[in-house]
Amino acid sequence: MSQSGTSLTQISPLDDKIYVKAPDALKCIKAILAGNGVPSENAALIARCLIAADLRGIDTHGMNRIPSYMERIRQGVLNPEAEPILKQATPVVHHVDGQNAFGFLAAHKGMAAAIESAKTFGIGMASIAHSNHFGMSAWLIQQALDADMMSLVFTNSSPALPVWGGKSKLMGVSPIACGAPGKDRPFILDMAPSIAARGKIYKAKRRGEKIPLGWALDAEGRPTDDPAAALDGGVMLPMGGPKGSALSIMMDVFSGVLSGSAFAGHVTNPYDPSKSADVGHFLVAIKPDLFMSLEEFRDRMQYLYERVVGSEKAAGVERIYFPGELEILAQEERERTGIPLVQAEIDALNTEAKRVGVDPLTI
Ligand SMILES: NC(=O)c1ccc[n+]([C@@H]2O[C@H](COP(=O)([O-])OP(=O)(O)OC[C@H]3O[C@@H](n4cnc5c(N)ncnc54)[C@H](O)[C@@H]3O)[C@@H](O)[C@H]2O)c1
C-alpha cells in the first residue's frame, strides 16, 4: 500500500487502519474549514474540538464529521462566517444566539461566559439557541476543567429514538455530560441516553461493519445488526428503557424549550442538509472551592477515585475505570500512535481538501 510522502500517515501491519498524527490532522481540518469560509480563528477552534474527540477515541464525533458539515455549508443551511451573539440576562445567566454558526463556536462562547460568572459568583449558566451540532460534549467539560471548574453540558439533537411506549423516533440521542476536577484523574461523564451513540452506527456504516444486536431496531421494529437498516427508517434504543427516554426528554427541556431553539422532534439531523438544524444547548459552570479550598476538593476527589477504581472486582473484571478514564488512556495512546482511520475516511476528507484547493491528508 502506498504511503503519504509526508509524516501524515503510517500503516499498521496489524490492521487496515491508517494512523494520522494529530497535528497533521489539525492542520488539514483547519485548512478545509477556512477554505469553506470559516474565519481562521474559528476554524482553529472547531478543528481542535474535532481532533480532541478523535484523540479521546470518540472518532464518531471527530474529523470524519467534516464532509457532512461542509455539505451543510454548501447547501446554505449552516453559516460558516456567522458569529454567535452573547447577551447577559443576569450576573450569572447568559444567552447565546448561535446565529446558525458552528455549534462549537456558540457553545465555546457560552461556556467561557459561564466560567467567568462562576469565578465571581460561584456559578454561571449559558442557554444557547439557533446553534448546530457541537460533536463530543467532553471538549466543553475540558474547557471548564482547564479553568478548575465543575460543569454540566446538555444539548438536544435530531429525532433518533422513540419515547417510551412510542413506535417512531421523536427524541434525540442527546448526550448528558458533567465533569469535576480531580487529582490523578478528573471526573468526566459524557454519555448518550441510548444504548449506543448514533455516531457509532454512522461509523459502522462508513466502515462496512455490523452493529451489535440490541442497539437499534429496523423500520419494521425488528432488532438489527445492519447499520443501514437502523438508520434508514429504524430507531435507536434508549438505555435503561423509560429512564433513557426520560433523560432525552430532559435534554430537550433544558436545551430546546428553555433556550428558544427547536425542540419536541424539530431539530434537524446533521446529515440532512435540507434545512438549518436549530440545536439548543445548556451549560453550567460551578466553582468547586465554594465550601473548602480547591486543594481539599481535589483531595476528596482523589479519595473517591481510589475508592472507585480500588473497589473489589466482579468475576472476570481486570480493572475498574473512573468515568472518563478510558478516554484519557485512549488519548495517551493516540498521541503516540496517531489517530486510526480507514482509507474510505481519508478519501472523503481528501475530497473535501481538493474541493477547496488545500493540501490533502495523504499524498
Ligand atoms: N452532539 C450530539 O448531538 C451527540 C449525540 C450523541 C452522542 N454524542 C457524543 O458521543 C460520544 C459517545 O457517547 P456514548 O454514550 O456512546 O459514550 P460511551 O458509552 O462510550 O461512554 C459513556 C460514558 O461512560 C464511561 N464509561 C464507558 N465505559 C466505561 C467503563 N468500562 N468504566 C467506567 N466508565 C466507562 C465513559 O467514560 C463515558 O463517560 C460522547 O462524547 C457524546 O458527547 C454527541
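Reader: To start, which side chain does arginine 74 meet in a salt bridge?

Author: Arginine 74 pairs with glutamate 71, with 3.1 Å from N to O. Keep in mind that this is a predicted model.

Reader: Ok, and where do arginine 74 and glutamate 71 lie?

Author: Both are in helix α3, which covers residues 66-74. They are three residues apart, about one turn of the helix.

Reader: How many salt bridges does the structure hold?

Author: There are 18 salt bridges in the structure.

Reader: Switching to the ligand. Which residues come nearest?

Author: The ligand has 21 residues around it, and the nearest are Asp190, Ala192, Lys200, Gly324 and Glu327.

Reader: What does glutamate 327 put by the ligand?

Author: A polar side-chain atom of glutamate 327 is 2.8 Å from a ligand oxygen. Alanine 192 uses its backbone: an N or O atom there sits 2.7 Å from an oxygen atom of the ligand.

Reader: And histidine 133, how far is its polar side-chain atom from the ligand nitrogen?

Author: That distance is 3.5 Å.

Reader: What share of the ligand does the protein bury?

Author: The protein buries 79% of the 860 Å² that the ligand exposes when taken alone.

Reader: Which pocket is that, by size?

Author: The ligand takes up the space of the largest pocket.

Reader: Which element gives the most to the shell around the ligand?

Author: β8 does, with four residues. β8 spans 187-191, and α10, spanning 325-337, also supplies at least two shell residues.

Reader: Last one: how does the shell split by class?

Author: Around the ligand you get 12 nonpolar residues, six polar and three charged.

Conventions. Residues numbered from 1 in each chain as written. Predicted model: local features only at pLDDT ≥ 70, side-chain atom pairs only at ≥ 80, totals over all residues. Heavy atoms only, no water. Near = heavy atom within 4 Å. Polar contact = N/O pair within 3.5 Å; in protein donor to acceptor, adjacent residues only side chain to side chain. Areas by Shrake-Rupley, 256 points an atom, 1.4 Å probe, with all protein chains shown as cover. 1 Å grid on protein atoms, 1.4 Å probe; cavity = no way out; pocket = protein on both sides within 12 Å on 5 of 7 lines; lining within 4 Å. Sits in = over half its atoms within 2 Å of the grid points. Nonpolar A, V, L, I, M, F, W, Y, C, P; charged D, E, K, R; others polar. Salt bridge = Lys/Arg side-chain N within 4 Å of Asp/Glu carboxyl O.
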